[in-house]
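Student: I'd like to learn how to read a few features off a model like this one. Could you walk me through some?

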Amino acid sequence: MSIDAAQIALAWREALRLWDAEVTLSAPEPLETQGRADWGGSEPLAYIDLVRRQVVVNYPQLEKIGAASSLTAVYAHELGHHLHFPHTLGLAAALEVLQSQLVPGSTPLTNLFFDLQVNEAVGRTRAEELCAVYRGFACALDAPMSPLFAYYLAIYEELWGRPAGELMNAETVTLMNEKFDGWRADARMFAQTFYALTDTYLQFVYFCSRVVRYLPDPGQELGKLPFAGDVPRPDLDDYAGALEGNGAIDRALEEAAGRGWLRGGEAQDGNDPLQKLNRLSGIPGSAVLPFRSALVSRIYARLVERNLVKLPATAREAPDPFLPTTTAEWEPGDPLRSIDWTQSVLARGPLASVAPLRRELEPEPPSAEDLEGVAVEIYLDTSGSMPAPDTAVNVMTLAAQILSASALRSGGRVKGIVYSSDFEESEWMLSEESAREYLLRYSGGGTEFPFASLVENAQNRADVLRVVISDADFLANVEHGPIDYSHRPHKPLYEPLPLLLEGISRSRLFVALLSLGDRDASRANKLLAPALRLPNFRLERVSNPGQLPQAAARLAHAFWGK
Amino acid sequence: MALSLRQFETELAAAPLASPYSWPLTLAVICDVYRLAGRAPPPASLFELPGDTKEFQQQRSRRADQLGVLAHLLASTSLRDESVRALQCAAPDPAQALPAFFAAVEPLTAEMIRANAFRREELVRRWLEVVGGMVDGETPAQSQARLQQLDYRSTLSEYGRAEKAREAEAERRAKLLREAQERETAARGWRE
């Protein structure tokens, strides 16, 4: 028997009716018409592409497992993902972040969780069809059923009142009985508790707290599950929003801890989004590092927005890229439009179609006359006294980002000088994104303020607002300067204070934004006394590093708020 | 006509419990079911719990809560009609049925019954056993099987074993995670 067009049309109508929804979705497509890249290489039973709003079903597999008559339930399952569970990928991302807190080291379980929600609704009228799918899938497994899958099927048996072990084979039941004491009661209790919870986050916390027992060891794959991966993965913005956390999650964790579902420690977690990101193990795609960097950048962008006292204006629109740059190898996953076919044919000849070349376009930087705002140089201390900005929120980095975003939004330009034992200096930057990425650089070594670079920059341009963001290490630098270790006794390489004074006097304004304790405050007044006498020097002191972002926001407001 | 669980839930959703039933009102509602069926109501002593220890007081309070919710279910849904119908046909001896009922529903709290449809269904089915009622669309054997599946008391005792094992397994998993983290840190240090 093979599934014909009439069956497909009828099942699709019934599935839509099951959800009582008027949605404009194109008719389902068979899997074989999709490219392999579209479904990730594994062989799914069905999935929904939320970008194209397209349900795709693997009809041959459905027939192979003897569940051709379950077509309506399969469609309804996919529609359920689209219409209700997860409803938004922001929720999926939030749950993934929550999972990384509750079950660190595991691959994402959110798809399984959403399947439990969808199947309860579909199973109210089509439990038999879903059972046929799961039963067929279980029989077709070419390896022993994973404990997670067995537990998962037992939940459905309990939910739909099926005899124990109906959806799995006897060997699996025996193995589970041997390995997991009380697992059947566990599944029964799960079914009778999970579906009585009304809050999604609480449901998810409960779900994680129960299934963790049946998961493979950290780092190992979950094993084959039907409908696994049929919900698309969240994107950058979804993750960035999720990493901020929300009150509903905190309440769910508190309630779960109160009900005894969590062991000590899981519920207590800082709100640092970067620490949450570090635990997130299931970041999608093969390009984990670029995705992670982009995510770190988004997190800081959100923190900047939150810390800005008043936004001077909206971000300047980036100019359209049109200047051709050099070519590089085109790789699968790169945009097709980036291929330069002419150059590919010229360089590769007949092999052009096999190994084409990619040419990136860059925007033309605006001329200096087109810029109205002030130029700002930010000297950012990235020594080891502060955490790496991609592992925890680095408040110095954040302060620099706030100043940079404010300057750029007021039509200015920004140069970043990131220093530690050594220093790096950027070109003048005009876009918030490049400035943000540049200022996320980190060294983690000692602290040596680049006085020589300051003087050189000051000699080149005097109309620049210069800001140094540091702590008491800056005072040590001003007091001792860099040490020449090649001579004994060690001597300073040069006197730093005169260089600093020259840099200040050749600046439009020089601001030292420093985190100094009370003892260091009087030391600063003494050490920087010559600078404090200059009209274009300002010392902005905060008593602890956590106040640096607010101080930067106040500065930004004073400079560009109007 | 047997009780339709779907209709029961619909009726209940339309009549939320505004405030707890007092003990005298609870007893009155339950005994009225017997009276409506033309049967003598069970003696009040069958509902009472003797003893003055703290444990008894707690049990008494829980029973008052459970029966208060049951009274609400009887007063606002077709559960009462089915109970009356069943009692008219054949009345199981309350002196035997009620103690068994109390023992079976002992772990259920009023909050559980209110918030969890499974626990509510269990209470209703246990009550139908007391009065000899039936669930629509089910044979007695099916009802019995479903009741076994819903049996919170026996699930709880078996579940205790799962919880104990979970603790040990969680320890093991935490240890594996720590080791994996240590390995990763060591490898990173070497790369750097």
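Student: Which residue just after α14(A) takes a positive phi?

Tutor: This is a predicted model, and the residue to look at is G349(A), with a phi of about 60°. Now go to the other end of that helix, which covers residues 341-348 of chain A. There, a side-chain oxygen of D340(A) comes to within 3.2 Å of the backbone nitrogen of T342(A).

Student: Is S100(A) buried or exposed?

Tutor: The cut-off for buried is under 20% relative accessible area. S100(A) has 5%, so S100(A) counts as buried. You'll find S100(A) in helix α4 of chain A, residues 89-102. The side chain of S100(A) reaches the backbone oxygen of V97(A) at 2.5 Å.

Student: What is chain B made of, in helices and strands?

Tutor: Chain B has 9 helices and 0 strands. Of its 192 residues, 40% count as buried. Look at contacts in chain B with a separation of 6 or more: residues 24 or more positions apart account for 74% of them.

Student: Can you show me one spot in chain B? What does M134(B) touch?

Tutor: Leaving out residues up to four places away in sequence, M134(B) touches A2(B), L3(B), E82(B), R85(B) and L128(B). M134(B) sits in the loop between α7 and α8 of chain B. The C-alpha atoms of M134(B) and S4(B) are 9.1 Å apart, although 130 residues separate the two along the chain. M134(B) is partly exposed, at 38% relative accessible area.

Student: On to the interface. How much area do chain B and chain A bury between them?

Tutor: Interface size is often given as the accessible area lost when the parts come together. Here chain B and chain A bury about 2400 Å², 49% of it on carbon and sulfur atoms. Q149(B), R166(B) and R173(B) supply 29% of the area that chain B buries against chain A, more than any other three residues. In contact terms, 26 residues of chain B meet 32 residues of chain A.

Student: How many salt bridges does the rule find across that interface?

Tutor: It finds 5 across the interface of chain B and chain A. On the chain B side, the elements giving two or more residues are α7, α8 and α9. The largest share, 18 residues, comes from α9(B). By type, that side divides into 11 nonpolar, 4 polar and 11 charged residues.

Student: Which residue of chain B meets D181(A) in a salt bridge?

Tutor: R161(B), at 2.9 Å from N to O. D181(A) is in the loop between α7 and α8 of chain A and R161(B) is in helix α9 of chain B, so this pair joins two chains. D181(A) is partly exposed at 34% relative accessibility, and R161(B) is partly exposed at 40%. Another bridge links D217(A) with R172(B), with the closest N and O atoms 2.9 Å apart.

Student: And inside chain A, what does the salt bridge between E158(A) and R184(A) tie together?

Tutor: Their side chains meet at 3.2 Å, N to O. E158(A) lies in helix α6 and R184(A) in helix α8 of chain A, so the pair ties together parts that are 26 residues apart in sequence. Both E158(A) and R184(A) are buried.

Key. Residues are numbered from 1 along each chain as its sequence is written. Chains are lettered from A and ligands numbered from 1 in the order in which they are written. This is a predicted model: local features need pLDDT of at least 70, side-chain atom pairs count only at pLDDT 80 or more; totals for chains, interfaces and linings use all residues. Side-chain values use heavy atoms; hydrogens and water are left out. Helices (H or I, at least four residues) and strands (E, at least two) are DSSP runs, numbered from the N terminus. Buried means under 20% relative accessible area, exposed over 50%, partly exposed in between (1.4 Å probe, protein chains only). Contact means heavy atoms within 4.5 Å. A polar contact is a pair of N or O atoms within 3.5 Å; within protein, one must be able to donate a hydrogen and the other to accept it, and residues adjacent in sequence count only if both atoms are side-chain atoms. Buried area is the accessible area (1.4 Å probe) that two parts lose on being put together, summed over both. A salt bridge is a side-chain nitrogen of Lys or Arg within 4 Å of a carboxyl oxygen of Asp or Glu. Ala, Val, Leu, Ile, Met, Phe, Trp, Tyr, Cys and Pro count as nonpolar, Asp, Glu, Lys and Arg as charged, and the others, Gly among them, as polar.
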